[in-house]
2 protein chains.
Amino acid sequence: MAAMTVAVHGFDLEEFAGRCARAQARMAVDGLDALVVTSPPNVRYFTGFATEFWESPTRPWFVVIPRAADPIAVIPEIGAPAMSTTWISDIRTWQAPQPEDDGVSLLASVLAGLPREHGRVGWEMGREMIVRMPIADFDRLRAETSGLEFVDGSPAIWSLRMVKSDAEIARIRHICQLASDGFDALAGLLRHGDSECDAARKLRGELIRLGADNVPFIAACSGENGYDQIIVGSRDRELREGTVLFVDLGATFDGYFCDFDRNFAFGKISDEALRAHETVWQATEAGIAAARPGATTTDLWRAMADVLEAGGAAGLNVGRLGHGLGMQLTEPPSNMPGDDTPLVEGMVMTIEPGMEYRPGKMLVHEENVVITADGCELLTRRAPREMPVIT
Amino acid sequence: MAAMTVAVHGFDLEEFAGRCARAQARMAVDGLDALVVTSPPNVRYFTGFATEFWESPTRPWFVVIPRAADPIAVIPEIGAPAMSTTWISDIRTWQAPQPEDDGVSLLASVLAGLPREHGRVGWEMGREMIVRMPIADFDRLRAETSGLEFVDGSPAIWSLRMVKSDAEIARIRHICQLASDGFDALAGLLRHGDSECDAARKLRGELIRLGADNVPFIAACSGENGYDQIIVGSRDRELREGTVLFVDLGATFDGYFCDFDRNFAFGKISDEALRAHETVWQATEAGIAAARPGATTTDLWRAMADVLEAGGAAGLNVGRLGHGLGMQLTEPPSNMPGDDTPLVEGMVMTIEPGMEYRPGKMLVHEENVVITADGCELLTRRAPREMPVIT
């Protein structure tokens, strides 16, 4: 696979038509007359409608994908001009906000008008998905849509989204490379006496400068010779001699995420921390080597866990050692016991081993790979084996 | 009210205890034994737990507020170290992700253990709220929690969140002032030949440099003498002579948003567009003058709509002329007919008149105000009456 990167926004329209056709093929298998999506990534996945207006919780949006017809957007009037620039041609609107009936009766009438074969409509009711509308309205719609059962459509949606197209992979590769540049630059921008908050601001500013569209996720967490958690950062805590700074990053380009982290040592850290760092670095190597078609996510977890256990890992509270990646910071599947998802070409995964080498002292690494025909391609620039030292 | 701004992160713990006490007082009125919150703003509102980790949809989080006891966090183990730094002391965890039972049985046991008086638990089931967990799990929990009815708790939550404390207002004032500086700087950074995407990138970078924590929302939309929509921007469309560029902005500081826009003329625009701009500027004046305790959101809408109608407004597809503002880009109430919410001291509102002066040609203005004892205080720096010209 050529290491192509793209730096323009927008997919070819065929991309969306292909996604819908694959969804419809799966709907036939699952016995669904339609799929209804409401959440930002799924609406974007099927329509190409890209906006940050989702930050406003006021109005629900619906896209109905019938089993044998083109999608229907059932949306607030404010969105019609923009939706009409996508490949969607059937757009029904209401004048939102209208709290007493925000699209419910309009959507009910659209669903009532669909040809029925199975009497079942798939919604984002399952794993790692939400239905973005008030549940009170969902309950009302469910009660009023007589003869149509609402069932979990998330297995169908994840079966599509989990395997990325070349165009999707190119975007993830682009943001991973750009973020690798950002981390390299950060090493030169950090100073003793900075706070976690300063580190996050420097990285965020650098990424925007380099061409990231946005940076929805940074966790900058620090502690003496290790950190006690990896999700709440950007506090006013000072970075001083002996501190390890962990920075986890989710930046976006054209709607696709990178998700990887880097560690920085402020001056001299303990030999024990350096040994743990070497173990985690080696566990990453093992994870990358194990990432290939035919292996499962559980095999991937085992390859990393073996190295961590041999290196004396005392524990870890994150519950898994990596996950899928794409339109969201994390997506199914999970690298963990019991997940057992077979890896196939086109899946983008994080390789994310971490260990608590003593209570309250964690070290975590993360890289992003795409599964290829015979192994995987590293999308990020591999973290250095020696932790960069901020002097 | 003094125009105090703050630039440090984190609220006094009393802020959260006060919010919980007010929620409990309201729960007595509404007949609720507990309130359960799951969504980022509401979890943060009651606990102070601030993270960007919400970008990962994998794990649900629950905070239970009993009617007569301190809150209980029922959360993934990954979050325990960080949650323990907040004022919450009762923290129950499970090892997530665990798709077959992601917190459901643990939460059910917590709810089953609560003292019962009303047999009702309030959830984020209503207006402008979502329950952030798979609906399939919510349905299961609802079926298994025998003797407890799940009802809409959103009126109770909005009754609290709609009226801001001095500490909340100080944060919104800070980000509004900082964003006003950012817009002023943008005028000097824009160039003919830039794209909408370039404009968004320049503003985002400048805001991070100035001290915004993040910039979740920018819509940069342009068109000849006006624009056809205001929610999907950042396209590769070129800004050239005769273009009006609209930039709407939601930046954050310490978890609170600004939400206002500015317009820029690229060279000379039509007299008709300039007249429409003057109308919208005057409608903003009328909105600010009408924003005072005793008036309603509908009065506020009427004051702006009168000016727009007198100025020849042909239409507008956004459904309202402003809204509440705080932890989210938009919050209840809405400035529109039928909303009829009385304005009270401490409410932060956007004043957002806009008009389509001919089909496909819109002009929209927006300022942010806080209602005071006898009127309102402008939190943003008032937009210039003459549209800034990029030469």
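Analyst: Before the two chains can be compared, one copy is laid on the other by least squares on the C-alpha atoms of residues with pLDDT of at least 70 in both. The structure shown is a predicted model, and in it a rotation of 180° with 0.0 Å of shift along its axis places chain B on chain A with an RMSD of 0.0 Å. The two copies are thus related as by a two-fold rotation axis. To find where this axis passes chain B, look for B:Gly205, whose C-alpha lies 2.8 Å from the axis and comes closest to it among the residues of that chain.

With the axis in view, we can turn to the interface itself. In chain B, 67 residues are in contact with 67 residues of chain A. Of the interface residues of chain B, 100% are also interface residues in chain A, so the copies meet through the same surface. The area buried between the chains is about 5,600 Å², and carbon and sulfur atoms give 58% of this area. On the side of chain B, the residues that lose the most area to chain A are B:Ile135, B:Arg201 and B:Ile231, which together make up 12% of what that side buries.

Between chain B and chain A the count is six salt bridges, while the count of residue pairs in polar contact, with both residues at pLDDT 80 or more, is 32. If you wish to trace the touching side of chain B along its secondary structure, α3 (80-83), α5 (135-144), α8 (196-210) and β7 (214-224) each supply at least two residues to it. Sorted by class, that side of chain B has 34 nonpolar, 17 polar and 16 charged residues.

Salt bridges are also found within a chain, and a search of the whole structure finds 60 of them over all chains. Within chain A, for example, A:Arg302 forms a salt bridge with A:Asp306, the closest N and O atoms being 2.9 Å apart. These two residues are four residues apart in helix α10 (residues 297-310) of chain A, and they are therefore separated by about one helical turn.

In chain B, strand β5 (residues 120-123) pairs in the parallel sense with strand β1 (residues 34-37) over two bridges, and B:Leu35 has B:Gly122 of β5 as its bridge partner. The strand β5 of chain B also pairs in the parallel sense with strand β6 (residues 149-152), here over four bridges, and B:Trp123 stands opposite B:Asp152 in β6. In the loop between β5 and α5 of chain B sits B:Glu128, which has a positive phi of about 55° although it is not a glycine.

As background for such backbone details, most residues other than glycine have a negative phi, and most peptide bonds are trans. In chain A, however, a cis peptide bond with an omega of about -5° joins A:Ala96 and A:Pro97, and A:Pro97 is found in the loop between β4 (90-94) and α4 (104-112). A cis peptide bond also joins A:Pro332 and A:Pro333, with an omega of about 0°, and A:Pro333 has its place in strand β12 (residues 331-334) of chain A.

Methods:
Residues are numbered from 1 along each chain as its sequence is written. Chains are lettered from A and ligands numbered from 1 in the order in which they are written. This is a predicted model: local features need pLDDT of at least 70, side-chain atom pairs count only at pLDDT 80 or more; totals for chains, interfaces and linings use all residues. Side-chain values use heavy atoms; hydrogens and water are left out. Contact means heavy atoms within 4.5 Å. Buried area is the accessible area (1.4 Å probe) that two parts lose on being put together, summed over both. A salt bridge is a side-chain nitrogen of Lys or Arg within 4 Å of a carboxyl oxygen of Asp or Glu. A polar contact is a pair of N or O atoms within 3.5 Å; within protein, one must be able to donate a hydrogen and the other to accept it, and residues adjacent in sequence count only if both atoms are side-chain atoms. Ala, Val, Leu, Ile, Met, Phe, Trp, Tyr, Cys and Pro count as nonpolar, Asp, Glu, Lys and Arg as charged, and the others, Gly among them, as polar. Two strands pair if DSSP finds at least two bridges between them.
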